Amino acid sequence: MAELGLNEHHSGQVMNYMRFVRYKRSQTLRAVESSFRDVRSSRLAGDTTFTIDEVNDLVDDLEMSIRDECENELINIAHTNILLLRQLLSQSETWHLKLQADISELENRELITMIAEFEDKKFSGKPTDSKPTFDLRKLDPVNAGGPTALLQIEINRLNQENNIMKNRFQQLENKALSATMDKTKLLDDLKLMKQELSGVGGKGAVGSDG
């Protein structure tokens, strides 16, 4: 989905979040519709005639109900977005990165319209030939002297530790090989000495018999 200007994985994450917010939006709309149905069934049933004051009271109650529902949902959406942002920032901190966001882009009507067209294309099922193109202003790159440098230092440190471990292993391997060769030589010397001692003992026995 190059329309978003993101790679395939990140575009998939956007789609998952878009499905989530669409579901939450449908729940809110159903709650608002339910408020109107309740008024119709409980207070507008039959051929009852209302005074101006009664109509005002009815409208005020309905307004309060819808206001509370919308306010709660807007607060929930804000908190949900903060949780999502926290996830992303937490992942970046694992790699010593500092992400930056351009808050002003959140009110860019042109980009918001492109997102709306993108959502309509993906979820309406309507075929379309036009594709929204996101020419977003690039955020400032991560400071080469900051997080990137820290990450490179960590990589260099791990490489250095790996080389040290390789050298130690090579030294231990050489020592083990040398010890094995020394042991083999000692065994050969011991065997030869036993043979020589056995020969000397044999000659001594023959001389005593003479």
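Trainee: Which pattern does the chain follow, read along the sequence?
Mentor: Keep in mind that this is a predicted model. The secondary structure comes to four helices and zero strands. Reading along the sequence, you get α-α-α-α.

Trainee: What share of the residues in the chain is buried?
Mentor: Buried means under 20% relative accessible area. The chain has 210 residues, and the buried ones make up 11%.

Trainee: Which residues make the nonpolar surface patch with Leu99?
Mentor: To join a patch, a residue needs over 30% relative accessible area, and Leu99 is at 48%. The patch covers about 410 Å². Along with Leu99, the residues making the patch are Leu84, Leu85, Leu88 and Leu89.

Trainee: Now the inside! How much space lies in the largest cavity?
Mentor: Counting cavities of 30 Å³ or more gives one. The space in the largest cavity is about 40 Å³.

Trainee: Which elements give two or more residues to the lining of the largest cavity?
Mentor: Look at who lines the largest cavity: Tyr17, Phe20, Val21, Lys24, Asn76, Ile77, Thr80 and Asn81. The elements giving two or more of these residues are helix H1 (8-43) and H2.

Trainee: And how many nonpolar, polar and charged residues does that lining have?
Mentor: Tyr and Phe count as nonpolar, while Lys counts as charged. By class, the lining of the largest cavity comes out as four nonpolar, three polar and one charged.

Methods:
Residues numbered from 1 in each chain as written. Predicted model: local features only at pLDDT ≥ 70, side-chain atom pairs only at ≥ 80, totals over all residues. Heavy atoms only, no water. Patch = residues over 30% accessible without salt bridge, like charges linked within 9 Å, V, L, I, M, F, W, Y side chains within 5 Å. Areas by Shrake-Rupley, 256 points an atom, 1.4 Å probe, with all protein chains shown as cover. Salt bridge = Lys/Arg side-chain N within 4 Å of Asp/Glu carboxyl O. Buried < 20%, exposed > 50% of the residue type's maximum accessible area, 1.4 Å probe, protein only. 1 Å grid on protein atoms, 1.4 Å probe; cavity = no way out; pocket = protein on both sides within 12 Å on 5 of 7 lines; lining within 4 Å. Points joined across faces, edges and corners; volume = space filled by probe spheres on them.
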